[in-house]
Amino acid sequence: MTAPPKLDLSPKVSDEIRKTTCYMCACRCGIDVHLRAGEDGRPKVRFIEGNRDHPVNRGVLCAKGSAGIMQQYSPARLRAPLRRVGPRGCGEFQEISWDEALQQAVDWLGPIRDKDPKRLAFFTGRDQSQSFTGWWAQQFGTPNYAAHGGFCSVNMAAAGIYTMGGAFWEFGSPDWERTELFLLFGVAEDHDSNPIKMGLGRLKERGAKVIAVNPVRTGYNAVADEWVGITPGTDGLFVLSLIHELLRGGHVDLDYLLRYTNAPQLVVQNPGGADHGLIARDADGTPLVWDRAERRARPWQEVSTGAALHGEVTLADGRKALPSFEILVSRYMSNDYAPEAVAARCGVEADTIRRIAAELAGAAFGKEIRLSRPWTDLRGERHQEMVGRPVSVHAMRGISAHSNGFQTARAIHLLQILLGSVDCPGGFRFKPPYPKPVRAHPTPHTEAHPRAPLPGPHLGYPRGPEDLRIDAEGRPERIDKAFSWDAPLAVHGLMHMVISNAVAGDPYEIDTLFLYMANMAWNSSMNTAQVMEMLTATGDDGEYRIPHIIYSDAYSSEMVAYADLILPDTTYLERHDCISLLDRPISEPEAAADAIRWPVLEPDRDVRGFQSVLIDLGARLGLPGFVNDDGSHRYKDYADYIARHERRPGIGPLAGFRGDGSQTGRGAPNPGQVDRYRENGGFFTAHIPEEGHYFKMANRAYQDWAVSMGFFDEPLAFTFDIYQETLRKFQLAAEGHGPREPPDHLRETIRAAFDPLPSWAPVPAPEGYPLHAVTQRPAAMYHSWGSQNAWLRQIHGAVPLYVPEPVMQAAGLADGDWAWVISPHGRIRVPVAMTRAASPTTLWTWNAIGKRRGAWALGLNAPEADKSFLLNHLISELHPPKGDGLRWSNSDPVTGQAAWYDLRVRIEKADGGPLHPDTGAQESPVGRGRGHLTFGREWTE
Amino acid sequence: MTALPGKTDRTLGLVIDLDTCVGCHACVVSCKEWNTGGYGAPLADADAWGAEPVGAFLNRVHTFEVTPDSGAAMNVHFPKSCLHCADAPCVTVCPTGASYKRAEDGIVLVNETACIGCGLCAWACPYGAREQDPVEKVMKKCTLCVDRIYNDNIPEQDRIPACVRTCPAGARHFGDLSDPGSEVSRLVAERGGFDLMPEQGTSPVNKYLPPRAREPESIDLAALCDTDLAEPTGFFAWLDRALERL
């Protein structure tokens, strides 16, 4: 027997803690990176934990964040610039110097800029520096720039901005401390990861109710108090039925609708006329409402609760008009939206719809909150209280990734607004700089000229057909056809269409495809197997249809194998970055926040941060803004840009420590700014005065603060547009009005999709494919980045397709069997397992676990290549040909959002494996991870 | 073969809330990263990038699909690590005394220098909470972060197990279960915290809080409504009355 040993209960933890921002997913949590000398005496990551002071995660950290160590030391890290030496797709490369690599890029890009800048397509994937990469593309002069929003959640962003000047996630969050009823739509475990988990924990602690609407009951849905296992693509109909029930019971907040929304605004009634359905305006263009007391039309800001909400009126010019609310009520009180009428289609019982509507009303009105907190609205009225309707909502890709997602997201916002629960105590709360109505956003630009920058940003919010980016013949000006009749409100672009369009030469061919951080040869593309063929397709001359592909990634991904020139990026712990309010903010409802990354470790390889490389490349190309008058480089690197760049006078990438270090929001550039962020834990927060915490869309104190911060230059009085006039303008064009009409083949699509009131249309249901198939984001993986991670891949390495019990039985399947899953587009052969916790018609699997053999430095027989798979092969970026010679995109017709979750399939038992399709193998330019890992050994002996 | 202390001064352990755990594995990985560079040999990962990666983890989350007698099927996420049992069979079975329970706080530990890797303790543990390290072949198990919770080099508020420190949903709680006034004891009392497999007679220290009842509320819709405004015309009459009241 041995005596218990004496333990050292206070062992050394680390030599130093460096605080930076996580990049293991898009949440951007604050992290404390503990460094300790490794075997060679150099600093090594001992431990990563959440930063307790950080506004996003307040100390907690998810599995991905903690596994950042394994990302940092991944064998898949690229080591030096690479030039392709074998055929595309094989992964055969030669290491070259940075000078050679940059010269090669200049040799390709310089002539493009000199002759025809649109022949460069620059798309940046899961970029967290879009305000910078977009500005680079603008200075280059190509119209072809966007990030990954088009295949992610543009429907959510566009519907939110067009409806209420903000959307879910980065634009706002539930009032976790006060909400009583929380509705979660279409979220497995994804964005935003830690804040939602923290919030759910808080709701549980407070005893608030959580209702989760999702075809699959994993993750957050598993702990919800109630699960609504809805049929995919029918959420909008479900929500409109809830609205039907709320209207029937009179459960709407009339005071709120009159004050903050365009419910009272007058809509011209002139059937067949060019103004039918437009908002009636005065000579200055201000929308009009009907003053009930004075019985006359007046500008909306002049009347609050005294406006009419129904009744036809005659305007001064003799035209008839109705308050938009009357049109809304007439629409949704129709029996088409009665619970009985929608129940079968939604897969939700009518009684359940009625009860949930009653619970919504019970929470919003029965549990009304009255905060004794005086405030003044933008009409100048002083309020003694803040009245709260404690119902909040969050929604993500299960809503947005459908071809009806834009209108479904609009329907969800309408539900929130009718209950009076947007930016009130207990409701959904905006995060600064939101709310920002459409008029505070730019319109899109495509005016490309040789050797000239674009006159404005690529992406924006069209106000009507006049803002479409099409030429005189109606042809798209962008390679992805964003802002054309194919996708008029494609406010994030359509990255998923770029390769397909470029190879088809539709609308034109390109010379160079320049990608950053987007695995377009794999999980980020629909139709993966054929996209791989497109990337290797050659023309009659034997040259590749896309002649040059430049790619920047930190790891040996599938996309690396398909590029000609690789610019190796650093890991997130080796780089400067800025999480900017000009970009995708990390603010909280009561504070604006931004943050940096900085090199907490020096790279041990010949790699460079991509943004610094772009700065170098921009200067070598002589782009305006990147060179001084004498032609010298304007910025040393990205850190220098972060501190010194001004987007408008006094407004730069970071809001904190401006000028002499004491100025916030506005102020001269401060060369020491990045150091000040480091000293402050890597982030900065500016708190909203308490009087401005709620009703930001109409709150004088908030708006004055926002102006002082530089979000905008004067208070932005606006209404939530539950009736959306921009949509009506597109509809009018489809009805034959105005100088720009859609082409005939899109006329009916536009007329139906651009409904000024939230509407629901069924997603395509091809005959013979009775089942749905969707992916769910696992909490421990982010896209394809996780599989190289030695720890995370042990959590999700081999994943089957989960099949509902009745479908398993009907197909004669048992756990562990293999099955063919067949869509109108293709077929895959995969292992299956039975589930009961899903809608009875929905098959599902975890997202992006499957890998191409040889990628990510994994062993050739890794389960990610042998047993895990992509649904992407079943989903085409185009609908099946209709015989009209046209290419019909598998997207939302409003925004171009990729309709991943519209997928319909059938399933048949297979005799066995292996996986189908076989996408071949790629060589690894970095070797393969081998052997045992004993991380931390030097500190344990 | 190895004796248990008759009584411990304190009874440190975890209380895990199955109502709140979303199964995100944050605790699993935080535990791994802390402990691989901490107490004892590193937590090895055999064939880490290959066909069959097998690593040692001190804490894992298992997910079970459960179909109740009434209502829809659901997933229950079940985090599992050593429960630091009062009557720990893994200790009494140990032939060398490598497994032991600390008298001062009840933490069950393995003295790796005395561990011969015989695996008897893993066999004796009814919970499957011990894993043999695939490289060192010594027995690995939850230490309750004994090298954190008393560590003077760590800020006081962080002297808690890594899994508790990181849990985003707040589903993990740490404290002294022998102190009836502690936060963890209060949670156990209020929420009906239970022992895992009590019939095994191990008297586990860790407790689990059960999922709360998830029956839909019964709401009397009629009581909430002014009236059933079945037609738009009826609605607009109500609207006029309501607007008068604003």
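1. Basis of the note. This is a predicted model, in which local features need pLDDT of at least 70 and side-chain atom pairs count only at pLDDT 80 or more, whereas totals for chains, interfaces and linings use all residues. Residues are numbered from 1 along each chain as its sequence is written, while chains are lettered from A and ligands numbered from 1 in the order in which they are written.

2. Domains of chain A. Chain A is divided into domain 1, residues 1-61, and domain 2, residues 771-909, with bounds that come from an automatic or database domain assignment. The centres of these two domains of chain A, taken over C-alpha atoms, are separated by 36 Å.

3. Helices (H or I, at least four residues) and strands (E, at least two) are DSSP runs numbered from the N terminus, and two strands pair if DSSP finds at least two bridges between them. E31(A) and E32(A) pair in the antiparallel sense over five bridges, and Ala819(A) stands opposite Val830(A) in E32(A). Strand E32 (residues 827-835) of chain A is also joined by four bridges to strand E30 (residues 801-804) of chain A, and these two run parallel; here Val803(A) stands opposite Met834(A).

4. Strand E34 of chain A. Four bridges join strand E31 (residues 818-822) of chain A to E34(A) in an antiparallel arrangement, with Ile907(A) as the bridge partner of Val821(A). Strand E34 (residues 904-909) of chain A pairs with strand E29 (residues 771-776) of chain A as well, in the antiparallel sense over two bridges, and the partner of His772(A) in E34(A) is Arg904(A).

5. A parallel sheet in chain A. Four strands form an open sheet in the order E11-E10-E9-E21 (chain A), with parallel pairing. Strand E11 (226-228) and strand E21 (391-395) of chain A are the edge strands, each of which pairs on one side only. Neighbouring strands of this sheet are turned by 15° against each other on average, direction ignored, where the axes are lines fitted to C-alpha atoms (for helices over the stretch in contact) and angles run from 0 to 180 degrees between N-to-C directions. Strand E10 (residues 209-213) of chain A pairs with E11(A) over three bridges, and Ile211(A) stands opposite Glu226(A).

6. Chain B as a whole. Chain B has eight helices and eleven strands. Its radius of gyration is 24 Å, well over the 18 Å that the globule rule gives for 246 residues, so chain B is more spread out than a compact globule; the radius is taken over C-alpha atoms, and the rule is 2.2 Å times the number of residues to the power 0.38. Along its principal axes the C-alpha trace of chain B spans about 85 × 50 × 40 Å.

7. The contact between the chains. Chain B gives 76 residues to the contact and chain A gives 87 residues, two residues being in contact if their C-beta atoms, placed from the backbone, lie within 7 Å. Among the elements of chain B that give two or more residues to this side are helix H1 (26-36), strand E5 (74-81) and helix H8 (232-245), and the largest share, eight residues, comes from H1(B). The side of chain B that touches chain A divides into 43 nonpolar, 21 polar and twelve charged residues, where Ala, Val, Leu, Ile, Met, Phe, Trp, Tyr, Cys and Pro count as nonpolar, Asp, Glu, Lys and Arg as charged, and the others, Gly among them, as polar.
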